[in-house]
Amino acid sequence: MTTTPPTTFEPVLHRIAEEIERTPGRGRPADYIPALAARDARRFGMAVAELDGTVYGVGDWREPFSAQSITKVFTLALDLAREGDALWEHVGREPSGNPFNSLVQLEYENGIPRNPFINAGALVVTDRLHTRTGDAAGELRAFLRAESGNPELDFDEEVAASETAHGDRNAALAHFMASYGNIDNPVPELLDQYFRQCSISASCADLALATTFLARHGVRADGSRLLTRSQAKQVNAIMLTCGTYDAAGDFAYRVGLPGKSGVGGGIIAVVPGHCTLCVWSPGLDERGNSVAGVAALDRFTTLTGLSVF
C-alpha cells in the first residue's frame, strides 16, 4: 500500500466528480422498495474522512440517503465486539456467489448463512445483537450518531414501512433459519429491528466518518477501542470478499479496497491506516451496486495509488 496520500483530497474529488458528470448511463434506482424508486439516478456525492476526523466532500456529500445494507458493517462490528468468535458458529465468512436475498444456499447449508452481508447473514447478526442489547437498531443508531458527530442521524420511517410492506423474502429467510434454531428472537420482532436498521438515513460525510474506526484498526472517534486489531482486520477482509453482493470479485479487481454497498446507492470503503470513503449515486447495476459509485472509487484508487494491494 502507498504510504504517502495526497496532502488534501479535494482536487482528486473534484476531478472525479467532473468525470462522473460526463459519464452516460448511471443505472436505475432500486424499484422493489418504492420509497427508493423515485431517486434521481444522476445524483452524486462523495466524501473522504481522514483518521483525525477531517472530512472532504464533493457534490451531494451532505445529502442524507438510505444506507440500506451499508448498515450491516456496523451491526457486524457491534456484535463481534460483544461475542467475539462465537458469532462465526452462526454465520460463515465465505462469498456467496448468489443473489443477496437467495433462499437456495440456506437449505444446502442447514440454515447457516454464507456470510454476514447477504440478507440471511445480516438477519442472524441483527438477531444476535438484539439478544445482547435489547434494541439492535437503537444500538446502531447511537453508534452512528457518536462516530459521525451527527445527533440528527435517524431512521427513515417511510423507508422502514416500505420495506416491511415488501419484506416477504426476508421473512421467509428468517423463518427458515429459525426452523434450524439459528434465530433467537421472535421473527416479527427481528424483522422490525432489521427493517429499521436498513432504513437509517445518513450522508456521505456521516458514513465516511462513522467508518473510520475500521481504518484506525478498531479504535473509535473518542479513542476507545471497539474491536481488537485482529477483529478490525476480519471485518475489512469480509468487506473485501463479500461486501458488494455477488460482484465482490469485480469490485476488488477494479477498486482494490474493502467496501460495502447498499441498494440506496451508497458504498463505503476503507483504506486501512489512511482514510475512509463514502460515495452515493442511486443508479444501480444489475447486481445492486451503484454504477457511478463503483466508477468513482475505481478512479480514486487509480489517482491516489491508495489500495490494499
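1. Start with β7: six of its six residues are buried (under 20% relative accessible area, with exposed meaning over 50% and partly exposed in between, using a 1.4 Å probe on protein chains only), so the strand is largely enclosed by the rest of the structure. Strands here are DSSP runs of E, at least two residues long, and helices are runs of H or I of at least four, both numbered from the N terminus.

2. Before going on, keep in mind that this is a predicted model, where local features need pLDDT of at least 70 and side-chain atom pairs count only at pLDDT 80 or more, while totals for chains, interfaces and linings use all residues. Residues are numbered from 1 along each chain as its sequence is written, and side-chain values use heavy atoms, with hydrogens and water left out.

3. Which residues cover the two faces of β7? G266, I268 and V270 sit on one side, with I267, A269 and V271 on the other, and all are buried.

4. Now the sheet. It is open and has five strands in the order β2-β1-β8-β7-β6, with antiparallel pairing; two strands count as paired if DSSP finds at least two bridges between them. The edges belong to β2 (55-59) and β6 (259-261), and each has a single partner strand, so one side of each has no neighbour in the sheet. On average, neighbouring strands are turned by 10° against each other, direction ignored.

5. Look at the two partners of β7 (residues 266-271) next. Three bridges join it to β6, and G259 has A269 as its bridge partner. These two strands make a hairpin with four residues between them, where G265 in the turn has a positive phi of about 100°. Towards β8 there are six bridges, again antiparallel, and I268 stands opposite C278. That hairpin has three residues between the strands, and G273 takes a positive phi near 85°.

6. Leaving aside neighbours within four places in sequence, L207 is in contact (heavy atoms within 4.5 Å) with residues including I268 and C278.

Key
Axes are lines fitted to C-alpha atoms, for helices over the stretch in contact, and angles run from 0 to 180 degrees between N-to-C directions.
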